[in-house]
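The sequence and structure come before the details.

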Amino acid sequence: MREGSRQLRRLALAAVFAAAGSIATAYAETSPACGTPTALNDGWTIASPESVGLDSERLCMIAARMKETDANIHAVVIVRHGKLVFEQYFAGPDERWLVAGWFDHDATTRHDMRSASKSVISLLVGIAIDRKLIASAEEPVVKFFPEYAAVKSPGWDQVTIRHLLRMSSGIQWDENRGWNDPKTDEPHLAGEADPVRYILSKPIAAPPDTVWTYNGGGTELLGNILETVTGKPLEAFAREALFGPLGISDWEWMKYGNGKVASAIGLRARPRDAAKIGQMVLNRGAWDGKQIVSSEWIEQSVRPRYQAIGYFSGIMFYGQQWWLGRSFAREREVKWIAAQGSGGQRLFIVPDRDLVVMTNSGRYFQPRQGDGALDMMANFILPSVRD
């Protein structure tokens, strides 16, 4: 997004914080007492934490901890053994795409997923490959953009879909600078009239498969490839191929000011619907007895491929638009898979515990964005597992 609008949104969000005082004094839970899930007839089987081997008293300590640490958590959703057993929502400062303010949150509230959208793009690419719309992940990227042959930089012919998925393409790309820095690349996805041209004109700074560099531009290309091979807008393919089969109907995929769909950051969804995506991944691509994404694609996507340096909190690895990390609880290391987005959006999948956790937060442009989610996992949710 352009720096001017970005700065205005930062100032607006700062004003919301100032008006409300600290989160510790204004934190307000808006969900039923102590995490009892709301019955919405949306495909979830609802159960108590104890019925699936979780300690509800431990989980009931989450709200006080989030208030104490000013985490600005908006939602906590917990699923175990395929059942929705806990959800809490909190009012607080948020930035809903272009609108900053103080918002209530509940079980029917859509929330920005930000870069967790990238993991959904990976699932959609897998479905397209399953359907033979894309021959394989080894297809060269430039095959899908012949109209840009004259602008692509040398080296692009060796870049494949797999390289984009793993962020190992070698594209000269930097999202780790301030928005005023002319060398930062992400604002061009929103500010360029033709962001594909901008991406393909970027130099290949390293041979593919040699270095990992966080790259939202590659995900934007994947979204464009999906539209090309399906002949549909990204939203239409996502609805037909993924969200419809999961029973997710209340969602939106936002567009930039230039009218281009924000493939890498634009998904907005209800937290308990996002948890369905996590449960499907935990089930190796299946939901309600139906295979939505092949188990082979899920296995390839969540296998660690690279060390992820300098992004989010903790020591993590990267698969195919999915993160792999770990928590430490009750003197044991617990591995998890995650979709992660700016501001503290976290979808955790914990195969060894048959557990899915979705958290949303509003800590955009602030330090410790994901600490609230990691705190919950290590000190409350994972220790609550009794069997």
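## Basis

Two strands count as paired if DSSP finds at least two bridges between them. Helices (H or I, at least four residues) and strands (E, at least two) are DSSP runs numbered from the N terminus. The model is predicted: local features need pLDDT of at least 70, side-chain atom pairs count only at pLDDT 80 or more, and totals for chains, interfaces and linings use all residues. Residues are numbered from 1 along each chain as its sequence is written, and side-chain values use heavy atoms, with hydrogens and water left out.

## Sheet

β5 pairs with β7 (residues 267-269) through two bridges, in the antiparallel sense. His111 has Ala269 of β7 as its bridge partner. The open sheet has three strands in the order β5-β7-β6, with antiparallel pairing. β5 (111-112) and β6 (251-253) are the edge strands with a single partner each, so one side of each has no neighbour in the sheet.

Helix α10 (residues 234-243) packs on this sheet and touches β6 and β7 (contact: heavy atoms within 4.5 Å). The direction of α10 makes about 140 degrees with that of β6; axes are lines fitted to C-alpha atoms, for helices over the stretch in contact, and angles between N-to-C directions run from 0 to 180 degrees.

## Helix α13

Eight of the eleven residues of α13 (residues 371-381) are buried, meaning under 20% relative accessible area with a 1.4 Å probe, protein chains only. Among them are Leu374, Asp375, Met376, Met377 and Phe380.

Conventions. Buried < 20%, exposed > 50% of the residue type's maximum accessible area, 1.4 Å probe, protein only.
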